[in-house]
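Work through the exercises below with the sequence and the model open. Each task is followed by its solution in steps.

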Amino acid sequence: MKKLLLIFLACLFLTPVLAVEPDEVLADPAMEARARDLSTEVRCMVCQNQSIDDSDAPLAKDLRVLVRERIVAGDTNDEVLTFLVARYGEFVLLKPRFTLANAFLWIAPIGVLLIGGFIAFFAFRSRRGQNPEEKPLTEAEHEALKKILSPDA
Amino acid sequence: MISELGHVALLLALALSCVQALVPLVGAQRGDARMMAVGSSTALGVFVFVSLAFAALTYAYLVSDFSVRNVWENSHSQKPFLFKFTGVWGNHEGSMLLWVGILTLFSALVALFGNNLPAQLKANVLAIQGWIATTFLLFVTLTSNPFERLFPAPFEGRDLNPILQDIGLAIHPPMLYLGYVGFSVAFSFAIAALISGRIDAAWARWVRPWTLTAWLFLTLGISMGSYWAYYELGWGGWWFWDPVENASFMPWLFGTALLHSAVVMEKRNALKIWTILLAILTFSMSLLGTFLVRSGVLTSVHTFASDPSRGVFILMILLLFIGGGLALFALRAGTLKQGGIFAPISREGALVLNNVLLTTAATTVLIGTLYPLALEALTGEKISVGPPYFNLTFGPLMLPLLLAMPFGPFLAWKRGDLKAVMQRLSWVLALAFVGLLTTFAVQTKTSIAAPFGVAAAVWLIFGALAELVDRARFFRVPLKTAFSRLFGLPRSAWGTTLAHAGMGITLLGIVGVSVYEREAVAVKQPGDTIELSGYTVTLEGIRPNSGPNYTEQVADLTVRRGGTVVAVLSPSKRLYQARNFPTTEAGIKTFGASQLYATLGDFDDKGGVVVRIYDKPLVLFIWIGTLFMGAGGVVSLTDRRLRVGAPKRAKPHAAAVPAE
């Protein structure tokens, strides 16, 4: 539901069209499938957070057609994306590339997981020595236990 | 007049909540019982005044009093009654009032039902709630006054955003806020514990029902929002990794972790410091979510109006509570004593794994959501972080969590035996394998991921059931005994099973719709047909129609399967006159847990229209699973253990159970 108004903002021209219109579809199913896959990674620039595959904005349509043109022209997926970045900047990619500026973004999840794992691991290790279960009961404790367990207590 | 009274009530609430924030706090420091008791009465008073303010605004909406600017901006005299009512919170000012209202509701509930809390703890908790209420009441009165007047009063209002004119607005925001804001109680308990330096298993027992309540509403609120998006948006997506969705998902992930770590603390007196930290982080995420949505940093359907001064104000509230909470934690956490020792392979160990994975996942979502904002602020460079990023990072973190989930409840406290658990789960593993092979055999589209997804779902659902089966000793004791044992099991065990199985059901829906969805799109004239997954859809015709505040073009689609009519779908394109705002309404027919979903695109000049049909297999399981999770929460809440102060059972529990 978060996208509801996003659409509204995207379509200031108030002409809601649905994504991927019949006239855009490529004849070759394999190429069309590639185009659909690529489209989910390309941002509709005037929308809030929609891919061109989802968006109904006119710009998204232009980009979908452009992606298909590049595919028909024989570009690989990477070449299509590079082409789009050269034209529109990194902002067009919904999956940021691994660059110096984005390194933190990609490393952070693994980093946090490792840190969490280490903390848990060391917490276990440092406290293993003090496990009270391994200490035998004292004489007094045995007495107390016997008293508790004896049926006539 | 009524609006002015509402405004006065709001100001009185603000004044009273200042008292609530200060007097009990001082009283708790001095051990003054009368000052501490002020907490309860002021909390109730603040709640009553905020409710009056809310009632006043509601009245203005119901009678369409357009001399109130907020009503003029967001309502219309022709709007259906339900939407006049729900429109109260379909805008920035009203939704903030709802936020504060729910906050004060929780404070009032703590005041009413917290009689068995130690006086000092209760006073501190209510004071912290008072602090939160005061800052947010200040925010409402200073930057977002819903009672502002207009002169001269306009004759007609500007209507509510048509997308919000839906039953979803009646359910989604209140549920979500009950969840978001409900975590404030856990936060206040954590801060109170840090102030007093005392924390024990009893503390965890008091916190757990509140956390569970908040979690349950947040679960249902998010799920409801997702279903609303699904049917309203017109392309049938159910989760978009949109920043605003993430804003509600982060408190859910942290809250889920908190729920589990509080169990360890209650049962074993361990993970105390961590639980306190999680309580602070969870509510911090609620505040961050409020900031992201309400400040205008992000533009979305939820940001009804952006005003930079509001953003700065909420940012200050955010810094006060998150910064203050974490600073207090850093200062005082050392004074809390750790307790409870356990081996890595144990129930505690499983819950630690749950916590590590959930908090990592939550942090990933947090970083993905904030990174573009931070990068742009620091370097001016604009990047996008969208669904492909989250699927790639969040997904792999969930995988081990889901696989490990059935093990957790089987492991013994302190030290568990993994091999023995594996033996008890062997039949579930076999079932999962059957699921895998069956999916491979029957699937209509070649997919490797889907059979494994189905196997994981089977593993989760039956793994959860296996715990009940095992604890009731089915197949080991006579059937009758097993059944009486089953119903004698603690409600919290039932809750765990329901929630964990719900996760499996949701996963099944996700796998089904992500892998096997099919779509057909074409320009059609009346009389034309479309074929999709064995259905023949005929466009019978297009007719105009009108509702109370809109006109629409409805397409009548007849769906046949093997010659017989199985459904009639009526997707439409609407135009809401007041805002000249078009929307698309989907036509949906449910078959079991699957749905056929139709929407309309543009009309052409030759009388044709773009028709789009989706076949969405098992899609309903996504939300049915969340209902199971919610039900698990409800059942667990009714557990006697959590009804603190409930008298002990008179007769020994479930007499039929033989002594062990």
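**Exercise 1. Confidence in chain A**

Task: Over which residues of chain A does pLDDT stay under 50, and how many contacts beyond four places in sequence does the model have for them?

Solution. Step 1: pLDDT is the predictor's confidence in each residue, from 0 to 100. In chain A it stays under 50 over residues 1-18. Step 2: for this stretch the model has 64 contacts beyond four places in sequence, a contact being two residues whose C-beta atoms, placed from the backbone, lie within 7 Å. Step 3: where pLDDT is low, the predicted coordinates should not be read in detail. Helices here are DSSP runs (H or I, at least four residues), numbered from the N terminus. Step 5: chain A as a whole averages a pLDDT of 77, with 78% of the residues scoring at least 70.

This is a predicted model, in which local features need pLDDT of at least 70 and side-chain atom pairs count only at pLDDT 80 or more, while totals for chains, interfaces and linings use all residues. Residues are numbered from 1 along each chain as its sequence is written, and chains are lettered from A and ligands numbered from 1 in the order in which they are written.

**Exercise 2. Confidence in chain B and the complex**

Task: What is the mean pLDDT of chain B, and what ipTM does the predictor give the complex?

Solution. Step 1: the mean for chain B is 89, and 95% of its residues reach 70 or more. Step 2: residues 645-660 of chain B have pLDDT below 50, and this stretch has 9 contacts in the model beyond near neighbours in sequence. Step 3: the complex receives an ipTM of 0.84 and a pTM of 0.89.

**Exercise 3. A helix pair in chain A**

Task: At what angle do the axes of helix 2 and helix 3 of chain A cross?

Solution. Step 1: axes are lines fitted to C-alpha atoms, for helices over the stretch in contact, and angles run from 0 to 180 degrees between N-to-C directions. Step 2: the axes of helix 2 (residues 29-39) and helix 3 (residues 58-72) of chain A come within 10 Å and cross at roughly 135°. Step 3: helix 2 and helix 3 of chain A are therefore oblique to each other (under 35 degrees counts as roughly parallel, over 145 as roughly antiparallel, 65 to 115 as roughly perpendicular and the rest as oblique). Step 4: residues in the contact include M31(A) and L38(A) of helix 2 and V67(A) and I71(A) of helix 3.

**Exercise 4. A helix pair in chain B**

Task: How are helix 15 and helix 16 of chain B oriented to each other?

Solution. Step 1: helix 15 (residues 426-442) and helix 16 (residues 449-471) of chain B pack at about 150°, their axes 8 Å apart. Step 2: helix 15 and helix 16 of chain B are therefore roughly antiparallel to each other. Step 3: among the residues in contact are L431(B) and F433(B) of helix 15 and F452(B) and W459(B) of helix 16. Step 4: by class, this contact of helix 15 with helix 16 of chain B has 15 nonpolar, 3 polar and no charged residues (Ala, Val, Leu, Ile, Met, Phe, Trp, Tyr, Cys and Pro count as nonpolar, Asp, Glu, Lys and Arg as charged, and the others, Gly among them, as polar).

**Exercise 5. Backbone exceptions in chain B**

Task: Which residues does a cis peptide bond join, and where does W241(B) lie?

Solution. Step 1: most residues other than glycine have a negative phi, and most peptide bonds are trans. Step 2: F151(B) and P152(B) are joined by a cis peptide bond with omega about -5°. P152(B) lies in the loop between helix 6 and helix 7 of chain B. Step 3: W241(B), not a glycine, has a positive phi of about 55°. W241(B) sits in the loop between helix 8 (201-233) and helix 9 (243-268) of chain B.

Note on methods. Helix = DSSP H or I, 4+ residues; strand = E, 2+ residues; numbered from the N terminus.
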